[in-house]
Amino acid sequence: MTAAAAARLNTHETQHVASSSGFYNAHIGPLLARVADRSLGLNVASTEEKAIGALKGIIRWPESVSAFQTADRAANKPMGTIDTTDLKSGPYPVLGGPGTVAGKAYTQRLRIPSEPNPT
């Protein structure tokens, strides 16, 4: 793999991480803040059963986790939003076929389209 191909792949993968982090901050972060908020349990209902129902409605655990998972999967799946957007943004590494690099035989080499195969 050429240095340019490695750098380009690293840039691509950091986009996946940033995407997941953004969805986490949007969905899971607020969920955890609601769970940690001790004031939520005060005077929400007159019985334990009603309090549990009220807290479930306030905390929204399943809905928040599901929203995170749905957004994250759509953006980060193979050829999801991150991949399709990034592929349009500039040269992406391509397979260079089998060959020898620094005296070692490889079944595939990776390079940027404008580069020669690594040797």
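Mentor: Let us begin with Arg60, found in the loop between helix 2 and helix 3. The model is a predicted one.

Trainee: Why does Arg60 count as partly exposed?

Mentor: The relative accessibility of Arg60 is 36%. Buried requires under 20% and exposed over 50%, so Arg60, at 36%, counts as partly exposed.

Trainee: What makes Ala102 count as exposed?

Mentor: Its relative accessibility is 76%. The term exposed applies over 50%, and Ala102 therefore counts as exposed.

Trainee: Which helix holds Trp61, and is Trp61 buried, partly exposed or exposed?

Mentor: Trp61 is found in helix 3. At 46% relative accessibility, it falls between the limits of 20% and 50%, so it counts as partly exposed. Leaving out residues up to four places away in sequence, Trp61 touches Leu31 and Val35. The C-alpha atoms of Trp61 and His27 are 9.8 Å apart in space, while the two residues are 34 residues apart in sequence.

Trainee: How many aromatic pairs does a search of the whole structure find?

Mentor: The search finds 1 aromatic pair. Tyr24 and Phe68 form it, with 6.5 Å centre to centre and 90° between the planes.

Trainee: Why is the pair of Tyr24 and Phe68 called edge-to-face?

Mentor: Planes over 60 degrees apart count as edge-to-face. The planes of Tyr24 and Phe68 stand at 90°, so the pair is edge-to-face. The pair links distant parts of the chain, with Tyr24 in helix 1 and Phe68 in helix 3, 44 residues apart.

Trainee: Which residues make up the largest nonpolar core?

Mentor: Phe68 belongs to this core together with Ile28, Leu31, Leu40 and Ile59, 5 residues in all. Leaving aside neighbours within four places in sequence, Leu40 is in contact with Arg34, Leu55, Ile58 and Ile59.

Trainee: Where does helix 1 bend, and which of its residues are buried?

Mentor: Helix 1 bends by about 40° at Asn25. Its buried residues are Ala5, Arg8, His12, His16, Ser19, Ile28, Leu31 and Arg34. What covers them includes helix 2 (48-59), helix 3 (61-76), helix 4 (81-87) and strand 4 (110-111).

Trainee: What makes His12 buried?

Mentor: His12 has a relative accessible area of 4%. This value is under 20%, so His12 is buried. A polar contact of 3.0 Å joins the side chains of His12 and His16. Leaving aside neighbours within four places in sequence, His12 is in contact with Ile82, Asp83, Asp86 and Tyr92.

Trainee: Why does Arg8 count as buried?

Mentor: At 13% relative accessibility, Arg8 is under the 20% limit and therefore counts as buried. Arg8 is found in helix 1 (residues 3-36).

Trainee: Why is the pairing of Arg8 with Asp86 called a salt bridge?

Mentor: The closest N and O atoms of Arg8 and Asp86 are 2.9 Å apart. The cut-off for a side-chain nitrogen of Arg and a carboxyl oxygen of Asp is 4 Å, so the pair qualifies as a salt bridge. Arg8 lies in helix 1 and Asp86 in helix 4, so the pair ties together parts that are 78 residues apart in sequence. Both Arg8 and Asp86 are buried. By this rule the count comes to 1 salt bridge.

Trainee: Which backbone oxygen lies 2.9 Å from a polar atom of the side chain of Arg8?

Mentor: That oxygen belongs to Pro91. Pro91 is also among the residues in contact with Arg8 beyond four places in sequence, which include Ser89, Gly90, Tyr92 and Ile112.

Terms used:
Residues are numbered from 1 along each chain as its sequence is written. This is a predicted model: local features need pLDDT of at least 70, side-chain atom pairs count only at pLDDT 80 or more; totals for chains, interfaces and linings use all residues. Side-chain values use heavy atoms; hydrogens and water are left out. Helices (H or I, at least four residues) and strands (E, at least two) are DSSP runs, numbered from the N terminus. Buried means under 20% relative accessible area, exposed over 50%, partly exposed in between (1.4 Å probe, protein chains only). A polar contact is a pair of N or O atoms within 3.5 Å; within protein, one must be able to donate a hydrogen and the other to accept it, and residues adjacent in sequence count only if both atoms are side-chain atoms. Contact means heavy atoms within 4.5 Å. The bend at a residue is the angle between axes fitted to the seven residues ending there and the seven starting there. Rings of Phe, Tyr and Trp (its six-membered ring) pair if their centres lie within 6.5 Å; planes under 30 degrees apart count as stacked, over 60 as edge-to-face and the rest as tilted. A nonpolar core is a set of buried Ala, Val, Leu, Ile, Met, Phe, Trp, Tyr and Cys residues joined through side-chain atoms within 4.5 Å.
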